[in-house]
Amino acid sequence: MVDYFVIAKAEVLSEKAHGILAKYAKYTNYDETGTPEAIIDIENSLARFASKIIMCKSEEDINKVVQNLVIYENIIDNITTLTSKGAVNV
């Protein structure tokens, strides 16, 4: 049986993931030479993750997505702190 509540949550989380991805794209497109490779890798990982979110089948899947999105968003929201601490390309 299809759980429409899970589908609706997955759609909302998919939009949220794309919003977070836009933050990464804004940062990485702004300065490609100064962007740490780790951030580019995280951006690519989030892009792959975002395309899978819509496939959530249960509330457990939704909870995992929420946890992951919090981490992705925390990283990009604190990127200035990370780069000031020396996380740069080698």
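Q: Which backbone nitrogen does the side chain of Glu43 reach?
A: The side chain of Glu43 gets to the backbone nitrogen of Ala25, at 3.5 Å. This is a predicted model, where local features need pLDDT of at least 70 and side-chain atom pairs count only at pLDDT 80 or more, while totals for chains, interfaces and linings use all residues. Residues are numbered from 1 along each chain as its sequence is written, and side-chain values use heavy atoms, with hydrogens and water left out.

Q: Got it. And which side chain does Glu43 make a polar contact with?
A: That would be Thr28, at 3.0 Å. A polar contact here is a pair of N or O atoms within 3.5 Å; within protein, one must be able to donate a hydrogen and the other to accept it, and residues adjacent in sequence count only if both atoms are side-chain atoms.

Q: Where does Glu43 sit, by the way?
A: Glu43 is in helix H2, residues 37-53. Helices are DSSP runs of H or I with at least four residues, strands are E runs of at least two, and both are numbered from the N terminus.

Q: What is Glu43 in contact with, leaving aside neighbours within four places in sequence?
A: Leu21, Tyr24, Ala25 and Thr28. Contact means heavy atoms within 4.5 Å.

Q: Is Glu43 buried or exposed, and what is the nearest side chain of opposite charge?
A: Glu43 is buried and has no salt bridge; Arg48 is the nearest opposite charge, 10 Å away. Buried is under 20% relative accessible area, exposed is over 50%, and partly exposed is in between, with a 1.4 Å probe and protein chains only. For charge, Lys and Arg are positive, Asp and Glu negative, and His and the chain ends are not counted.

Q: OK, how many salt bridges does the structure hold, then?
A: Five. The criterion is a side-chain nitrogen of Lys or Arg within 4 Å of a carboxyl oxygen of Asp or Glu. One of them joins Lys16 and Glu73, at 3.1 Å from N to O. Lys16 lies in helix H1 (residues 4-30) and Glu73 in helix H3, so this pair ties together parts 57 residues apart in sequence.

Q: Which residue does Asp77 meet in a salt bridge?
A: Lys23, with N to O at 3.0 Å. Asp77 is in helix H3 and Lys23 in helix H1, so that pair ties together parts 54 residues apart in sequence. Asp77 is partly exposed because its relative accessible area is 44%, and Lys23 is partly exposed at 32%.

Q: How far apart in helix H3 are Glu60 and Lys64?
A: Four residues, about one turn of the helix. They form a salt bridge too, with the closest N and O atoms 3.5 Å apart. Glu60 counts as exposed because its relative accessibility is 51%.

Q: Switching to rings: how many aromatic pairs turn up in the whole structure?
A: One. Phe49 and Tyr72 form a tilted pair, 5.9 Å centre to centre with 40 degrees between the planes. Phe49 is in helix H2 and Tyr72 in helix H3 (residues 59-77), 23 residues apart. Rings of Phe, Tyr and Trp (its six-membered ring) pair if their centres lie within 6.5 Å; planes under 30 degrees apart are stacked, over 60 edge-to-face, and the rest tilted. Both Phe49 and Tyr72 are buried.

Q: Last one: where is Asn78?
A: Asn78 is in the loop between H3 and helix H4 (79-84). The side chain of Asn78 reaches the backbone oxygen of Asn74 at 2.8 Å.
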